[in-house]
Amino acid sequence: MTMINFSCVSTRAFILLILYIVSCTNASGGEENWRKLYKNQEADNEDGQCHGPKIVHVTDATFQKFDDGYLLLLYYADWSGNSKKILPFWAALAQELDEAGVAIAVGLIDSTQNRQNIASRYVHTLPQMFIFHGGQIVAHFVNERTLDDLKAAVITVTELSKPDLADRKAEVLKQLEEAEAERTQKVQDEEMLKSLAALKFESQVTSLHKDNFYALTSKTDAVVFVYTPWCEHCKVMKADWLELAKDPQIPGVLVAKINFDDFSTFPGARLLEGVPSVLFFRDAAIYGYFNGSRNLEDLRIWANLLTSLTTEELKELVKELQEEEARNLQQAKDMLIYEQALLKEEFDDILELTNENFDGLTRGKSALILFYSERGERSQLMKPVWVSLSKLKELTGLLIARFPETDYRWRQEMEYIHGYPTVLFARNGVIIERYEGVQQLGELYHYAKTLLALNTEEARQKHAHLARNLQREKLMERERDRARHKAESKRREEETRKERQQKRKNKARTGTSTF
């Protein structure tokens, strides 16, 4: 039996209305607030990366270098969607502050990798913005929601007198400490409530297992919470589920739980996408899968809605869902085909270098070249990154090109290639450097910007360094070959010795038997 994902069921009008309300009440307020922050300015790039020339990358090790002046710092993480969205805004802010002559460094710090600086203990959500002066926090921006507001706030801070600046530091630190203490107390209270709810959850909510599942779910409608003890999201839901089990507004319905670790063979278990999950059973068969916001009111509405339907109506909903899922799946496949075709077209538009045209097209130019294989999965993942890099207007002076495996494998320069994909920097037809960093758009952009600023002497030094590394790699490879050959020879000698020894034993045994 197929489960009903009620966020996409289209049937009777009243069902649609209720389900629409349930599925739409889970909007994230935090994300909406950050959306306001950058909605009134245009990002100069569609890739969501920061490409401003005034951004500095800060780490715990380099944090103290900015103690002599003001530092406006954005705490972000690569996995944070809101962080990625705000990066173009951050570049625009850096540009405007620079044009206004504000004496402040604008930077980024990866909050995941750098947790030992003064503001780290106050960063619990991302992104976060702080101003530092003399190694101390001067401002923590919370209410500034537009580019103009944030710019004005930054200028106000940088224009403070020394006495006012000292008072500001003490005031901001006090506010942060109070907020941190309040957050800590709130977390402790929530943990205590969770612990109490967990104890009541185990003792007061009916547990379904292989011995009682069919007996209990065949007699009445059942709303079942599927969880695992180690799942953090499951722990959060236990309190609401306990309240639902005692709720008088859903009479005649069994509100139960299933520990998936102990009972993973119940009907419909193979259709689960993960835990926690909430399922609706009738006659020991699964008819519903809750996909709304996980709060008590929405769960109550969903449970009452399903129990009010007849079995025939539930079967009709299942049929409609199957058709809807089939249409959605086909649309997703069509969109994927379209996106792949579009990506291929844009990637093919990038200048392709071959063994024949390499010298001619790279002579007198600086070129960043992607050497790739059509057969490699990592090369395929690199294609959208390379397309985005080729569109950046800031890299106009750099030739962004591609070199497919079938052409470059015969070139002498390809001794620099150790795997696919590989990025090489060439100037005037000569390979200068092999890129060894992370193959992501932001890192590649900053690397390309440094290449544009290289003078002839610096390029010569990089080429010499690459040649030394290549020579060292060759020596190491010869040593490895020699070691492998020595080990192989020793193995063969040992096999020969054992074979001769076995022959002597066999001959001795045969001679004894003959005698």
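Guide: Two strands count as paired if DSSP finds at least two bridges between them, strands (E, at least two residues) and helices (H or I, at least four) being DSSP runs numbered from the N terminus. This is a predicted model, in which local features need pLDDT of at least 70 and side-chain atom pairs count only at pLDDT 80 or more, whereas totals for chains, interfaces and linings use all residues. Residues are numbered from 1 along each chain as its sequence is written, and side-chain values use heavy atoms, with hydrogens and water left out.

Visitor: In which order do the five strands of the open sheet stand?

Guide: Strands of a sheet pair through backbone hydrogen bonds, either parallel or antiparallel. Here the order is β6-β8-β7-β9-β10, with mixed pairing. Because β6 (206-207) and β10 (285-289) each have a single partner strand, one side of each lacks a neighbour in the sheet. Strands β7 (residues 222-227) and β8 (residues 254-259) run parallel and are joined by six bridges, with V226 opposite I258 in β8.

Visitor: Which residues of α7 are buried?

Guide: An α-helix has 3.6 residues a turn, so residues three or four places apart point the same way. Buried means under 20% relative accessible area, exposed over 50% and partly exposed in between (1.4 Å probe, protein chains only). In α7, the buried residues are C234, M237, K238, W241, L242 and L244.

Visitor: Where is the kink in α7 centred?

Guide: The bend at a residue is the angle between axes fitted to the seven residues ending there and the seven starting there. In α7, a kink of about 35° is centred on K238.
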